[in-house]
There are 2 protein chains.
Amino acid sequence: MKKDILVLLPTEARHREKLEAAGAGCRFTYSRPDEVSFEQIQAANVIIGQPKPDMLRASENLEWLQTASAGVDPYIVPGVLAAKTVLTNATGAYSKAVSEHAFALTLMLIKKLHLYRDEQLKNHWSDRGTVTSLSDSTVVVVGLGDIGRAYARMVKAMGAYVIGVKRRGGACPDYVDELVLTQDIDSILPRADVIMSVLPNTAETRYLYTDERFDKMKDSAVFVNCGRGNAVSAEVLYRALKEHKISAAAVDVVEAEPLPADSPLWGLENLVITPHISGFFHLPETFERIVDIAAGNLAAYLAGKELRNVVDFATGYAK
Amino acid sequence: MKKDILVLLPTEARHREKLEAAGAGCRFTYSRPDEVSFEQIQAANVIIGQPKPDMLRASENLEWLQTASAGVDPYIVPGVLAAKTVLTNATGAYSKAVSEHAFALTLMLIKKLHLYRDEQLKNHWSDRGTVTSLSDSTVVVVGLGDIGRAYARMVKAMGAYVIGVKRRGGACPDYVDELVLTQDIDSILPRADVIMSVLPNTAETRYLYTDERFDKMKDSAVFVNCGRGNAVSAEVLYRALKEHKISAAAVDVVEAEPLPADSPLWGLENLVITPHISGFFHLPETFERIVDIAAGNLAAYLAGKELRNVVDFATGYAK
């Protein structure tokens with residue numbers, strides 16, 4: 001039986017060639033999430049991309065949804081996907097883009113480049129004092145998926161002592177000096193010079209960073225969040241920085257996005273905010289990787305083989 | 001004969017112990033450049049630190065001056081030091097601090113973090129578009145001394161293709177993919193995604209970056225200068241950025257320092273300015289390294305052995 005494949009990605013010719021080679025014999029339809037019709041969605045056996053979740057409800061034909069994102073929160077809401085529908089995400093596609101963004105933010109903070117930018121905007125040639133080096137730092141990487149591991153490799157290459165924090169035990173990669181379980185995170189926060197968090201949105205990770213946990217950190221520590229914004233509430237983050245519980249922070253994600261224009265977070269000198277752009281398709285390679293994941297999965301799907309990045313609805317993680 | 005050693009560094013007890021162990025039997029005097037007397041300067045056989053150049057003129061006793069800086073421009077002006085006086089600098093002490101600052105500036109530019117800081121100061125959650133990765137970049141490192149080499153190692157670890165530019169040929173380090181002579185720099189500028197310049201102030205390096213050379217660069221290229229400001233004139237730098245000959249630049253040094261408050265450079269969105277702070281003593285390890293160089297040289301001096309970092313007055317470089 002010919003499958004109907006609906007592609008909702010901004011593909012160019014070479015991407016379509018790659019997908020159609022993987023899905024030889026299938027019927028391909030290309031559209032965009034904001035242009036696709038309800039009928040097109042309902043007719044599809046396979047969707048590659050990010051349809052509006054409400055348009056998926058009641059779809060009887062959809063066997064498999066491959067998202068372009070790593071996070072799949074809107075699609076695991078009960079009632080959006082039928083029980084038979086397989087959900088795969090694009091975990092892995094974003095590791096380079098997000099890890100490099102987090103790494104650049106880390107260096108910006110410890111070298112005080114945000115403060116120098118502020119001085120520049122006032123035409124001030126003004127010395128902001130001492131800085132630190134990753135080579136003398138203990139870096140705690142919270143979330144050791146593909147992004148966390150890529151980041152760990154980079155800070156290790158700069159000479160840092162790296163502590164990885166993950167849900168489950170396992171082998172310690174050679175670029176990680178110590179492995180700690182998430183449930184034991186309190187034990188290592190006092191040692192951290194840098195805390196880089198890249199956690200998905202789950203019940204366990206929500207509001208993980210409490211007032212008490214910021215209290216446990218060094219007042220010289222810097223905190224970077226490139227996972228999901230609700231790992232720390234806006235109030236807790238504000239207090240941590242306003243009261244100088246830590247030295248500085250940089251966040252690509254916040255609890256409510258977009259961050260409201262009247263949020264007091266904007267005006268904190270020791271907080272750097274980027275508008276959830278570390279991933280997306282801002283690094284061209286990210287999109288190429290997404291298409292590669294989708295094409296690989298499409299070939300596997302048609303051959304009846306196991307798909308990559310199948311999401312566990314209970315945890316929101318790839319299994 | 002007991003030597004008179006004048007130390008003009010902000011030493012702590014452990015630094016003084018290290019120096020006095022190396023200079024056992026010598027008379028040590030500690031002061032600061034802005035407090036030391038003319039008589040103290042004139043009495044010294046050895047000075048470790050940065051006296052005001054004019055106070056050195058006519059000194060008959062000074063046999064050796066060890067600076068705390070890498071650049072020694074003020075001390076090679078004719079008439080400042082007697083012909084018999086040996087001058088050594090602190091080349092090597094700054095490599096970690098300056099290379100890491102240059103590396104952080106590079107990432108800031110290619111990840112557009114300066115633009116996001118500007119948006120933040122306006123409470124704008126605003127997407128600034130695509131970014132690039134060092135892993136897909138050709139990085140040209142102009143000046144392959146200890147700072148340039150340390151920087152080359154870092155960008156190589158991030159996956160960059162590295163081209164080193166130096167005055168003289170020689171073996172190509174394994175973290176440099178290609179080596180080019182300074183006289184041939186025009187041939188590789190069109191290939192550069194990043195140009196990081198860390199040249200000392202010499203007749204050959206002054207105004208090396210001309211309008212014509214910026215014209216040769218890709219309009220997507222970024223330029224970082226952490227050497228000396230007069231490698232590019234303020235006017236040429238302004239034109240390159242205002243006319244978007246290149247995408248962005250970051251400079252820790254400018255032609256005239258401090259940069260005048262009315263300089264048009266301050267207001268360029270695509271220029272990041274830090275106030276010549278990449279070196280100095282902002283990374284604590286820098287000062288430790290300076291004391292180590294001075295102590296090592298003091299022991300060698302007293303033993304009649306060859307000193308490290310002896311400056312060639314003709315070039316301003318360590319020999």
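Some conventions to begin with. Residues are numbered from 1 along each chain as its sequence is written, and chains are lettered from A in the order in which they are written. Since the model is predicted, local features need pLDDT of at least 70 and side-chain atom pairs count only at pLDDT 80 or more, while totals for chains, interfaces and linings use all residues.

Chain A overall. Chain A has 10 helices and 12 strands; helices (H or I, at least four residues) and strands (E, at least two) are DSSP runs, numbered from the N terminus. For 319 residues, a compact globule would have a radius of gyration near 20 Å, and chain A agrees with that at 21 Å. That radius is taken over C-alpha atoms, and the globule rule is 2.2 Å times the number of residues to the power 0.38. Along the principal axes, the C-alpha atoms of chain A fill a box of roughly 70 × 45 × 35 Å.

How much of chain A is buried? Buried residues are 48% of its 319 residues. A residue is buried if 20 or more other C-beta atoms lie within 10 Å of its own, exposed if 12 or fewer, and partly exposed in between, with C-beta atoms placed from the backbone. As for contacts (C-beta atoms, placed from the backbone, within 7 Å), take those in chain A between residues at least 6 apart in sequence: 60% of them join residues at least 24 apart.

The buried residues of α10(A) include A:Phe287, A:Ile290, A:Leu298 and A:Tyr301. What do the buried residues of α10(A) pack against? They pack against α1 (13–22), β3 (46–49), β4 (64–66), β5 (86–88) and α4 of chain A. Just after α10(A), A:Gly304 takes a positive phi of about 70°.

Next, the sheet in chain A. Seven strands form an open, parallel sheet in the order β8-β7-β6-β9-β10-β11-β12; two strands pair if DSSP finds at least two bridges between them. β8 (178–181) and β12 of chain A stand at the edges with a single partner strand each, so one side of each has no neighbour in the sheet. Strand β7 (residues 161–166) of chain A pairs with β8(A) over four bridges, in the parallel sense, and A:Val165 stands opposite A:Val180 in β8(A).

Finally, chain B. Its open sheet also has seven strands, in the order β8-β7-β6-β9-β10-β11-β12, with parallel pairing. Within it, four bridges join strand β9 (residues 194–197) to β10(B), where B:Val224 is the bridge partner of B:Met196. On strand β10 (residues 222–225), B:Val222 and B:Val224 point one way and B:Phe223 and B:Asn225 the other, and all are buried.

Terms used
Contact = placed C-beta atoms within 7 Å.
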